[in-house]
Amino acid sequence: MHRLEDLEAFVAILDEGSFTAAARALRRSLQSVSRSLATLEDSIGVELVRRTTRRSHPTEAGRRFYSRIRPALLEIADAGAEASNQRSEPVGLLRISAPVLFAPVHVVPALAEFLERYPKIEVELSLSDRFLDLIENGIDLAVRIGDLPDSELKARRLGALRRVVYGSPMYLAKHGRPGHPSELADHQCLVRRLDVMSEAWPFQIDGEPQTVRVSGRLRTDSTAATYSAAALGLGLGFTPLWQVRDLVERGELEIVLAEYETQKVPIHAVTPAAKIPLPAARLFAEYLARRLSPAILEGHR
């Protein structure tokens, strides 16, 4: 019977692409990972991984063995984590990454409840809008907004965000309400200077996703400045609804072009697939999923 730690080492080497990365992901020494693979290959009697200077590639036998073993290891990890959750109170440090604006409004309130419920857990929260490498940065769980690129991360969907075009009653009274996305060319649009896509707003037009180029006299890299400028009548903006919900409910901003809104943006909690997930990470993902109700995130169209 093959040892579980040897199988984990083999899968991690292929998942991560090298012995060094696998050792880092498993939090084991490089020598330990090398010994595990050698032991596994000796017990099977075939070479599973072909080593090169920079990368490690599976042999044909290794590729077939990987396809059978990896799903089984994930099931074992999930079963162990579930049993651990039920057997004892989770302890230790949980490292979380979350988007800069989203975290204070939605993640931190969930953390307050979570830490009250589990007093033996400590949390290190880092805020970033970039999709950081979880293994490289030592992150146990990340909250990500947007479509996930193809990866080996484990993902749990938390909800989705509605994105809207908005403007102040003052601006709309003076310049009129756009009736179609193409009419944005005749309006002052508030552009966030993030990247070139900031000037291409997405819509659903005639059942197809399309982008419309926008421009305006005011461009800024500050989200807060964009909302303030819109409330003062300087132009139309585009953002997730939750960020301007209070301004809309107070009547300082109004939503336009609702019938052309694009598909909602998904939110996920992701954890590394190359290691057994921490019980605390699984539990916090459940907390977030319960707290982030569709009404909070999506709004009503």
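A total of 13 salt bridges is counted, a salt bridge being a side-chain nitrogen of Lys or Arg within 4 Å of a carboxyl oxygen of Asp or Glu. The model is predicted, so that local features need pLDDT of at least 70 and side-chain atom pairs count only at pLDDT 80 or more, while totals for chains, interfaces and linings use all residues. Residues are numbered from 1 along each chain as its sequence is written, and side-chain values use heavy atoms, with hydrogens and water left out.

One of the salt bridges joins the side chains of Asp-15 and Arg-70, with an N to O distance of 3.1 Å. The two residues are 55 residues apart and link distant parts of the chain, Asp-15 belonging to helix H1 and Arg-70 to helix H4 (residues 60-87); helices (H or I, at least four residues) and strands (E, at least two) are DSSP runs, numbered from the N terminus. Arg-70 is buried, its relative accessible area being 11%, where buried means under 20% relative accessible area, exposed over 50%, and partly exposed in between (1.4 Å probe, protein chains only).

A further salt bridge is formed by Arg-162 and Glu-261, whose closest N and O atoms are 2.7 Å apart. Arg-162 lies in the loop between strand S6 (154-161) and strand S7 (163-167), and Glu-261 in the loop between strand S13 (254-256) and strand S14 (265-271), so the pair ties together parts that are 99 residues apart in sequence. Both Arg-162 and Glu-261 are buried.

The side chains of Glu-254 and Arg-177 also meet in a salt bridge, at 2.6 Å from N to O. Here Glu-254 in strand S13 is linked to Arg-177 in the loop between helix H6 (169-175) and strand S8 (191-192), the two being 77 residues apart. Glu-254 is partly exposed, with a relative accessible area of 28%, and Arg-177 is likewise partly exposed, at 46%.

Helix H2 (residues 19-26) is mostly covered, with six of its eight residues buried, among them Phe-19 and Leu-26. The helix is followed by Arg-27, which has a positive phi, near 60 degrees.

Strand S9 (residues 200-205) runs antiparallel to strand S10 (residues 208-213), and six bridges join the two, where strands pair if DSSP finds at least two bridges between them. The bridge partner of Ile-205 in S10 is Glu-208. The two strands form a hairpin with two residues between them, and Asp-206 in the turn has a positive phi of about 55 degrees.
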